[in-house]
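Student: I'd like to go through this one term by term. Can we start with how accessibility is put into words?

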Amino acid sequence: MKTMRFLAKSIFYICLIFAILIFSSVIYLNNSVSREFKIKKGDTLSINSFIPVTSVYNGEELSQSGGLDTVGKQYDVDLKIFGIIPVSTVSVEVVDEMHVSVLGQPFGMKIYTDGVLVIDTSDVETKNGTINPAQKAGIKKGDYIISVNGTNIYTNEDLSEVVQKSGGESMNFVIKRKNKKIHTKVTAVLSKETESYKIGIWIRDSSAGIGTLTFYSPATEVVCGLGHGICDEDTGTLLELNTGEIVNAEIISVEKGEKGSPGQLKGRFGYKTLGDIDLNCNGGVYSILEGRLDTSNLTEIALKQEISSGNAQIYCTVDGEKPKYYECEVEIRTSAYMSKTQNMIVTVTDQRLLDLTGGIVQGMSGSPIIQNGKLIGALTHVLVDDPEKGYAIFAENMLETAQGVAEDNKLKDAS
C-alpha cells in the first residue's frame, strides 16, 4: 500500500512539474515570439528557441507539406510545442528574395524641425523681479511652437521677431505636444539685462550630424541609415521633421571610446546631396535617393528567423570614405522578435577596430552587419559602460520601413 501511495505521489508531482514547465514555456514563447513573419517561397518557418516549436498549417507541419508557395499571400500558421501543444497563431507572408546594396559609408544629416523645439525654460529678470512667461502659460520642455498670432514659426529668428513686435501684448501661441495641438496665451516681459522682450525659453530649430548609410533598396529607390532616429540632445525626444537632407561625408578623425565616455567619428560634410529626408523615425533616417552612390554591392537581406547568435562582420568606415569589414559577435535579444529596434547585442572582437575606436562609437550608427553572406542588421547604439558592445536593429525591419516610405512617396506623387 505504501509503495502504491509513493508511486501515486511521484506520478502526481512529475505531472505537476511537467504541467508547470509546459505552462511556463507557453508564456515564454508568447512573450518572445513575433506575431508576424516573412518566409521565402517553399521554405518552412523555423523559430530560434531552446524550446522545440513546430509550424503547422491546415493541420500539417510545414516541413512535411513543402512549405507555403504563393508570393505576396499571408497565411495563418499555428505554432505548437513538440507539434502538439498550441502556443499561438502567427501571420506568415511569403516573399521573394530581398536584395539591397550594402553601403557602410559615412553621410551627413541636416534636419529642420516642424516648428521650433523648446529645449528648456528659464526666468527673465525684469525691473519688477523674475518671471517666466512661457512656464506661466503652460509651455514645457519638449513642446514645439508651431505659430504665434497666426504666423507660422519655422526658425529661432521667426519667434524672436514676433516676440519683439508684440510690445508686451498678449500673444496667441499654438504648440504641439505629443501630436496634440494646444492653444495658450503668452505675454512677453521686458528683460532688465537686454532691454528686449523675452518669454523665458531656450529653443532649437535644426540639427546636424554624421552617421553611416546602411543600404540602398533598388526595388523602392530608398536609401537609409543610422538605424535609430535623430533625437534632440537636450530633451532626448525624436526631432519632428519639417525638412532635411542627407549629403556625402568623409571621416577625418576618431575620438576613441572608453568606459563611461563614448567616442565619436569626426567628419566633414561634402557637397553632394543624396536626397531629402523623407522620414526620421526610431528605425533610422530614410530618403528617396536623388544623388549618386555605388550600389553594386548587392546582398540578400536575412529574415529575422534566419539570424543566429555567433560570428558576424561589421561593414563600416572609420577613416576616409571607404568601408572595411571588421569581426564581431552578435547575440539575439530575448525580446528581439517583439521589437522594431534594438533586436541584437553586438560585441566588437576585431582588434584592428578596437585599436582604432575602442569599440563602437558615435557616427558608426547605421553600419551594416553581415552574417553568412547576408545583411542581418545595422548598429544603432553603443553601451556607454562597455564601448565594445552596442545594440543593432534587424535589416528586415529597416527594409519594411523603406517600403512604407516608397509607398507614401507614390501616394504624394499621385495626389
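Tutor: Buried means under 20% relative accessible area, exposed over 50%, and partly exposed in between, using a 1.4 Å probe and the protein chains only. Bear in mind that this is a predicted model, where local features need pLDDT of at least 70 and side-chain atom pairs count only at pLDDT 80 or more, while totals for chains, interfaces and linings use all residues. Residues are numbered from 1 along each chain as its sequence is written, and side-chain values use heavy atoms, with hydrogens and water left out.

Student: What makes the pairing of Lys374 and Glu306 a salt bridge?

Tutor: The term asks for a side-chain nitrogen of Lys or Arg within 4 Å of a carboxyl oxygen of Asp or Glu. Here the N to O distance is 3.6 Å, so the pair counts as a salt bridge. Lys374 sits in strand β27 and Glu306 in the loop between β22 (298-300) and β23 (310-316), 68 residues apart. Strands here are DSSP runs of E, at least two residues long, and helices are runs of H or I, at least four, numbered from the N terminus.

Student: What makes Lys38 and Glu400 a salt bridge, and which parts of the chain does the pair tie together?

Tutor: Their side chains meet at 3.2 Å, N to O. Lys38 lies in strand β1 (residues 36-40) and Glu400 in helix α6 (residues 395-414), so the pair ties together parts 362 residues apart in sequence.

Student: Why is Lys38 called buried?

Tutor: At 12% relative accessible area, Lys38 falls on the buried side of the cut-off. Glu400, at 30%, is partly exposed.

Student: How do you know that the buried residues of α4 lie on the same side?

Tutor: In helix α4 (residues 156-166), the buried ones are Leu159, Val162, Val163 and Ser166. They cover an arc of only 100° around the axis, so they lie on the same side of α4; the arc is that of the directions from the helix axis to the C-beta atoms. Exposed Glu157 and Lys165 are on the face turned away from that buried side.

Student: Which strand gives the largest share of the lining of the largest pocket?

Tutor: β16 does, with 6 residues. Ile210, His228, Cys231, Glu233 and Gln362 are the lining residues nearest the pocket's centre. A pocket is an open set of points on a 1 Å grid over the protein atoms alone, where a 1.4 Å probe fits, with protein on both sides within 12 Å along at least five of seven lines; lining residues have an atom within 4 Å of a point.
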